[in-house]
Structures are given as structure tokens and as C-alpha cells.
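Dear colleague,

Please find below the structure that I am handing over to you. My notes on what was found in it follow directly after.

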Amino acid sequence: DGERQRETERQRERKKGGERGVLERERERESNVVDGSGSGGDIAGLYVLFRALSWLAESRALRGQRGTPMGDSVQRGIRIVFFFCMFAPVMYLLPLSIPLLLLYLITYCDLSEIRGGRPSPWFQNLSFWHWLAAHLELQLVSEAEGKIQKGKPYILGLHPHGILPLGGILNVVSPINHFAKRHGNALTLRGLAASFCFFVPGYRDFCLAGGVCDAARYSAKKLLDDGFSIFVVPGGATEALYSFPDEDVVYIKKRKGFVKLALQHGADLIPVFSFNENNQYDQFDPKNGVVKKIRSGFQAVFGISLPLLKNLIPRRCKITTVVGAPIAVEKMADPTDKQVQDLLDLYTAELEALW
């Protein structure tokens, strides 16, 4: 009897073990189903992100290359989405920051960058900029003194772009080296920067306070129509990728947009070259094809370069910004390709002459 009882108990244990195995297998199948749905959600999220980035690249919304503006509601909508994508983690972790962030959102979406900007004389005269000017040993040489007419629009083209064209901006756009006074206060100048710069909280306010506006075509046109002169960097993000110490690469042969803009507005062109601008930073020269594709894709969407820097603080270097004499430009509503090319060739020759 005892043997039969033990056998019965063993059978019960095996049955329980089998039942547990069945339950474990069912749980595993349920887990796989959940994981599968999660994977499907991840794939859907990646697809939405890919489509959004593709739209931004195709629409050139962040690259400063649109000839006509998107509606104010669309522009504000893009900014609001971008804002909450950046600050959602902060709002979640620090709920007390929400009121302050919502207050900042009002100025973040005011579209000042396409409406003439909001420069701050106080900001432009901070001691930090004077220190930086001394650190970079800035010098300004101008061949345009006495040649600029008050009330006439001008387009100043800075070369090279560098990682950040600090020397050229401080020498010309800011009051540090008295560019405006030396030219009889004849210019009301606005610098231009890639549209994406004004989507980055904090950095947009830095640009706006420094007298910089959106580089989109319609924005540049509006500035000229409103009586401003503009300070552009024709080489843009592409030129920035070739910024290596003791090398000056000027990306100009295909940059016809600012020349056509000058013809359409009768704005005289002024070439500007900043010597040693590229010596502030050093960057790795990526040979890896994958890295190059990532950088190209980033530039296609956001309109700014993605340099791989070796140093974050600009090196001490003597930057000399040379401003050329104005090139007279006759106004024409619809210039031909030949007229644009001829003026670009003349501008390039005058730029080379600054050497």
C-alpha cells in the first residue's frame, strides 16, 4: 500500500509539473505577442520620424532656401512640436519648470527672425565680446570707408565660413570694432544664419540679440525691401566642412542666390574676407563613408554642418577681416543667367583681389 501511495504521489507531481510547463509556455507566447506589438510600434514610430525628416529635407523648411514663406500657423506649429520634443523630459522630471517654459514658448514662436530681428545693444556690448575680440586679436581693415551711401542697400559676403564665423561677425555686425561708425553709420545691418539656428532654444535668442536673422530667401528679400543691408556667408554649411587650420577653401562657384538677390534689389555687393578665420577650431577629417553620409543627411535636413571638433574653445589667433570696396549693381527685376554669372565672376575676382 505504501508503494502504491508513493507512486500515486509521483504521478501527481508529474501532472503538476506538466501543468506548470503548459502555463509557462502560454506566458512565453503572450510575452512574444506583446514584444511583437512593441516592435511594430517601434517600426511605426521610426517610419513617422523618417517621413517627417524626409518632408523637412524636401520642403527645405530648416535650410533657409525657400523662396516663399510657409504660413505663420505652419511655422509656429513646427516650432511648437520641436519645442515639446526637446523639453518634454524636463517638464516630466521638473514640473515646476512648466510655467517658465510656457512663457518662453511665447517668444520662441514670435517669428522675429523673419521680421527684422530684435537686436540688443546691451547684449552686443557685453564684456565677454570684448574679451573674445582680444582673445582672437581681431583687426578690421576696410577699403569701403567713404564709399558707402546712406539709404542704399548693400549685401556683404563673408568668406570663409569657418566652423563659426566669429571673427567676421564681431568685426562687422557687432559694434566691437566700430564698423558702423567708421562707415558713417550709413548701414543698418543684419547678419543672416541658417533657419535651423532659430529652432534651437537659447541659441535663437543669442542670434537675435546679436543682430542676426533667418537666411531664408524670403527673409533676406524682406530685409532688403525694408531698408536693411545684409551680411551673408555664401559658402554656408558646405564651406564649413572644409574648415581646417591654415587652409582657406571658398565655396563660391555655385552660390548664385545672393548675386541674383543683389540684382533684383539693386544692392551693391561688398566682398569680405576674414584671414585666419579657420584657425579657431580644428576638426577630424572623416574618411569613413558612413560618417560622410550622416553629415550629408544632417545638412540636407537642418541646413547646418555637423563638424567633428577637436577643441570646443576657439584658439587664440590673429583674425584680420578685410572689407572690399562696393561693386556697383544695376537693379533688374528678372536678371538672366548670364547676367547673374557675369556678376558672380566679377565678385569672385574682387574677392581674390583682397589677398
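Among contacts in the protein chain between residues at least 6 apart in sequence, what percentage join residues at least 24 apart? With contact meaning heavy atoms within 4.5 Å, the share is 80%.

Two remarks on the basis of these values come first. The model is predicted, so local features need pLDDT of at least 70 and side-chain atom pairs count only at pLDDT 80 or more, while totals for chains, interfaces and linings use all residues. Residues are numbered from 1 along each chain as its sequence is written, and side-chain values use heavy atoms, with hydrogens and water left out.

Overall architecture

The protein chain holds 13 helices and seven strands. These elements are DSSP runs numbered from the N terminus, with helices being H or I of at least four residues and strands being E of at least two. The chain has 355 residues, of which 45% count as buried. Here buried means under 20% relative accessible area, exposed means over 50%, and partly exposed lies in between, for a 1.4 Å probe and protein chains only.

The sheet

Seven strands form an open sheet with mixed pairing, in the order β1-β7-β6-β2-β5-β3-β4. Strands count as paired if DSSP finds at least two bridges between them. At the edges are β1 (139–142) and β4 (212–214), each of which pairs on one side only. From one strand to the next, the twist averages 25 degrees. Angles run from 0 to 180 degrees between N-to-C directions, and the axes are lines fitted to C-alpha atoms, for helices over the stretch in contact.

Strand β2 (residues 154–159) runs parallel to β5 (residues 229–232), and three bridges join them. β2 also pairs with β6 in the parallel sense, over six bridges. Ile155 has a bridge partner in each of these neighbours: Ile230 in β5 and Leu269 in β6.

Is β6 enclosed or open to the outside? Eight of its eight residues are buried, so β6 is largely enclosed by the rest of the structure. Asp268, Ile270, Val272 and Ser274 point one way from this strand, whereas Leu269, Pro271, Phe273 and Phe275 point the other way. β6 is joined by four bridges to β7 (residues 320–323), and the two run antiparallel. Val323 is the bridge partner of Val272 in β7. Helix α13 lies across β2 and β6 (268–275), at about 35 degrees to β6.

Aromatic pairs

Rings of Phe, Tyr and Trp (its six-membered ring) are taken to pair if their centres lie within 6.5 Å; planes under 30 degrees apart are stacked, those over 60 are edge-to-face and the rest are tilted. By this rule there are 15 aromatic pairs. One of them is the edge-to-face pair of Phe123 and Phe206, at 5.7 Å centre to centre with 85 degrees between the planes. This pair links distant parts of the chain, 83 residues apart: Phe123 belongs to helix α4 (residues 121–124) and Phe206 to helix α8 (residues 203–209). Phe123 is buried at 15% relative accessibility, whereas Phe206 is partly exposed at 35%.

Charged side chains

Side chains of opposite charge can pair when their charged atoms come close. The structure holds eleven salt bridges, each being a side-chain nitrogen of Lys or Arg within 4 Å of a carboxyl oxygen of Asp or Glu. Among them are the following.

- Arg118 and Asp110 meet at 3.3 Å, N to O; Arg118 is partly exposed at 31%, and Asp110 is partly exposed at 22%.
- Asp226 and Lys222 have their closest N and O atoms 2.8 Å apart; Asp226 is partly exposed at 44%, and Lys222 is partly exposed at 37%.
- Lys338 and Asp342 meet at 2.8 Å, N to O; Lys338 is exposed at 58%, while Asp342 is partly exposed at 37%.

Why are Lys338 and Asp342 separated by about one helical turn? They are four residues apart in helix α13 (residues 337–353).

Salt bridges also link Arg79, Asp110, Glu113, Arg118, Arg204 and Asp205 in a network.

With kind regards
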